[in-house]
Number of protein chains: 2
Amino acid sequence: MRKAVGGGLIGLGVVGTGVVRVLAERADFFTRQVGVPIIVRRAVVRDPSKPRLAPIDPELVTDDAAALLTDPEVDVVVEVMGGEEPAHQYIRRALEAGKHVVTANKELIAKHGPELLALARERGRYLLFEASVGGGIPLIAPLRRDLLANRITSVRAIINGTTNYILTRMAQEGADYADALAEAQRLGYAEPDPTNDVEGYDAAYKLAVLATLAFRSRLAPEQIRTEGITRLSARDFLYAAELGYVIKLVAVAERRDHGLLARVAPVLLHRDEPLAKVDGVYNAVQIVGDLTGMVLFEGRGAGAEPTSSAVIADLLEIADAVVHGIPNRTAWSLEEQLPVLGPDQIESRYYIRVTVSDRPGVLARLAKCLGDNDVSIAAVNQKEANEDQQTAELVIMTHRARESAVLRALAEIAELPVVAEVSTFLRVEE
Amino acid sequence: MRKAVGGGLIGLGVVGTGVVRVLAERADFFTRQVGVPIIVRRAVVRDPSKPRLAPIDPELVTDDAAALLTDPEVDVVVEVMGGEEPAHQYIRRALEAGKHVVTANKELIAKHGPELLALARERGRYLLFEASVGGGIPLIAPLRRDLLANRITSVRAIINGTTNYILTRMAQEGADYADALAEAQRLGYAEPDPTNDVEGYDAAYKLAVLATLAFRSRLAPEQIRTEGITRLSARDFLYAAELGYVIKLVAVAERRDHGLLARVAPVLLHRDEPLAKVDGVYNAVQIVGDLTGMVLFEGRGAGAEPTSSAVIADLLEIADAVVHGIPNRTAWSLEEQLPVLGPDQIESRYYIRVTVSDRPGVLARLAKCLGDNDVSIAAVNQKEANEDQQTAELVIMTHRARESAVLRALAEIAELPVVAEVSTFLRVEE
């Protein structure tokens, strides 16, 4: 019987510090759960001289990743540094050296998950990544295990807290995008460079991870049509509300007859939809299984403590396996390769806001562009004119239409001399 | 390497039939997951001559439980008959005979879970019960594993679909209790004898299971203060709505300084609370962990297919363990024995509806009863009088008060000659 399970951390930022702190504070309880103590053997950081808040012996803090990856006392490598490289190489080397791995790295799993999972299986090691999506909300384990009997037909998620905070402010206070972003940055909910969040890339990484698990078919981030929230205006929220909708950045992957629909974009959600009620920094993931029907998971999707909760759950699972000599098993595996549907295979209803010259005949021209492309109009509202600039706003809701046709019509509309700009184009998520 | 994992069903009603059907339909996929096929060896029913919808060889259907429990080809016993006895004795005998057990039986786990889990551990066998609470919603596995790093402080749940359907009808359509119940019975959401659901017993069993796992402290069903929904009237929903609340049957267990609060009762929930938005036959469980913060799980809490999903997830976990020779481990265990708080240790705000004689001075007398018991009134509304009977209704909201004091005051109020009845008494769940 072994005397301890050794852990090695790569990264000692807020998440790493949280993990070390919780492991220290609950050492007795975890020892009772696992049978032996979990001991942090080393932590790799960029600058070991920097003062640390983590309750860890400074002598264990090093910048020597190789020393950790070859330490025979390290059973499990916990990667909480984030980013694609060098995390990817570290995890590869850890698995090759016979270590188990826990990671909180969504970008890494989205881009290299299938390859690394295959390597882990080949080496008989665990690679767990509950913390990569949705912070402390159990999502990966339910998809890996609890929903395994289901054929999953759709995953819809509000999975980025930064954008959900911004959109909630815009909806509830009529704030404009720039003001809501500044507020989020001031509160630490948005980074100084918010690109990764507001352009939808972070959500696309997470959707890639969830959809790959859910459909047992690889979905790479670059296959996901990804649109950000930067073009939304406070007026869109007002107009949407008049129509009974809210606007949310929704990540969606759905199994259709001929492949997968995969998209991250701001959409109109009817206000009675469960996801429409998920506000602020909360995340929620709605999974439809053919046996369970809709199952919703909601909680705080980020932060040191929720993420530590997920990292430690994975660590406990591995520690248990190490102590009992349990082989890595295939509780989940890729089954097929589904194609991703293009705009000519997708239909939806659309909300379109166009800024036009405020004069007669404009609507007729827009309607012609839409009609010529087989896009039929369900409702039109002319909104407040700007008298100085002699412009007006038209808000158009279409009937169900083919997305490629709508995109063609919008390109033509944008070229019309009477059109200042196509300001917003949103799908209605139903 | 073994050639198959053998399963034996006890019970072949809607859930058992669902399990057999899904196992048959997805046999290839499950075989790939587990490594070998899962084969149903026997199914025990009361009347083997009854025609069955399950795709199972009639020769395997028997009324001989002993034959199943001693069959060396049965690795896992799946108990889906429900009720306390003989299910309890069957499971006991199965574990003693070295079988693993999957059960969907909340009453059994609520009453005998800790004892049976100890027996399973002693014999090195698994006893899994995901399907016992919340149908297809993963709840037991998250508590056993995914949230293990947390100290859990509260579990609040809408966990009985029958009552939630009835209360939703009463709220949305002003239906009276008897009509809403009749409708639920007609649709198959309520049983001919609805006692178990409408009196809160079913919810109390489920709360006992969840709370015992969450707090690692045994909570028995009889320790849970349990109140049903039969005394609610359509007017309560109206008055609650005026005050900004909805009425839901909420099962709650909370860790307080001196013990556990444990209760199943209809309560006033502010309309912005996540549970307030859970309507119809949906279930939702809100768990607060000290690391995760609030995590919400929502989905269909009953039905053959959701329940099959949970049973099969457990079955796959055990099949995997059988194939790989994995010992039963203690991923969860009782840690302490928390006392359950009594009414003199609990405070809340209260909603009280009293039917009184419609004449002067009545309110003063009620107010005196409350004041004498240190219960302070936050708001009073006199509601529609019944001129024929010369009665009126008083709706009182109290400030925070000790529950024992409120109960004493209500007993005194009920004795006042001017009071026809204390019609409703509800806590405000905050």
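A:Pro86 sits in the loop between strand 4 and helix 4 (87–96) of chain A. Helices (H or I, at least four residues) and strands (E, at least two) are DSSP runs, numbered from the N terminus. A cis peptide bond joins A:Glu85 and A:Pro86, with omega about 5°. Chain B has a cis bond as well, between B:Glu85 and B:Pro86, again with omega about 5°. B:Pro86 lies in the loop between strand 4 (76–79) and helix 4 (87–96) of chain B. Another loop of chain A, between helix 13 (362–372) and strand 14 (377–386), holds A:Asp374. Phi of A:Asp374 is near 65°, a positive value in a residue other than glycine. Why point these out? Most residues other than glycine have a negative phi, and most peptide bonds are trans.

This is a predicted model, in which local features need pLDDT of at least 70 and side-chain atom pairs count only at pLDDT 80 or more, while totals for chains, interfaces and linings use all residues. Residues are numbered from 1 along each chain as its sequence is written, chains are lettered from A and ligands numbered from 1 in the order in which they are written, and side-chain values use heavy atoms, with hydrogens and water left out. The mean pLDDT of chain A (the predictor's confidence in each residue, from 0 to 100) is 94, and 99% of its residues reach 70 or more. The model scores ipTM 0.95 and pTM 0.96.

Turn to the sheet in chain A. It is open, has 6 strands in the order 3-2-1-4-5-6, and its pairing is parallel. Two strands pair if DSSP finds at least two bridges between them. The edges are strand 3 (61–62) and strand 6 (127–128) of chain A, each pairing on one side only. Strand 1 (residues 5–10) and strand 4 (residues 76–79) of chain A run parallel, joined by 4 bridges. A:Leu9 stands opposite A:Val78 in strand 4 of chain A.

Salt bridges come next. Each is a side-chain nitrogen of Lys or Arg within 4 Å of a carboxyl oxygen of Asp or Glu. The structure holds 80 of them over all chains. One joins A:Glu429 to A:Arg263, the closest N and O atoms being 3.3 Å apart. This pair links distant parts of the chain: A:Glu429 is in strand 17 (residues 419–429), A:Arg263 in strand 10 (residues 259–270), and they are 166 residues apart.

Now look where the two chains meet. The contact (heavy atoms within 4.5 Å) takes 47 residues from chain B and 47 residues from chain A. The area buried between them is about 4,100 Å², of which carbon and sulfur atoms give 54%. Buried area is the accessible area (1.4 Å probe) that two parts lose on being put together, summed over both. B:Gln33, B:Asp146 and B:Leu291 supply 15% of the area that chain B buries against chain A, more than any other three residues.

Between chain B and chain A there are 6 salt bridges. In one of these, A:Arg145 meets B:Asp146, the closest N and O atoms being 3.3 Å apart. Helix 12 of chain B gives the most to the side that touches chain A, with 8 residues. Strands take part too. Strand 12 (residues 293–300) of chain A and strand 12 of chain B pair in the antiparallel sense over 5 bridges. There, the bridge partner of A:Val295 is B:Gly299.
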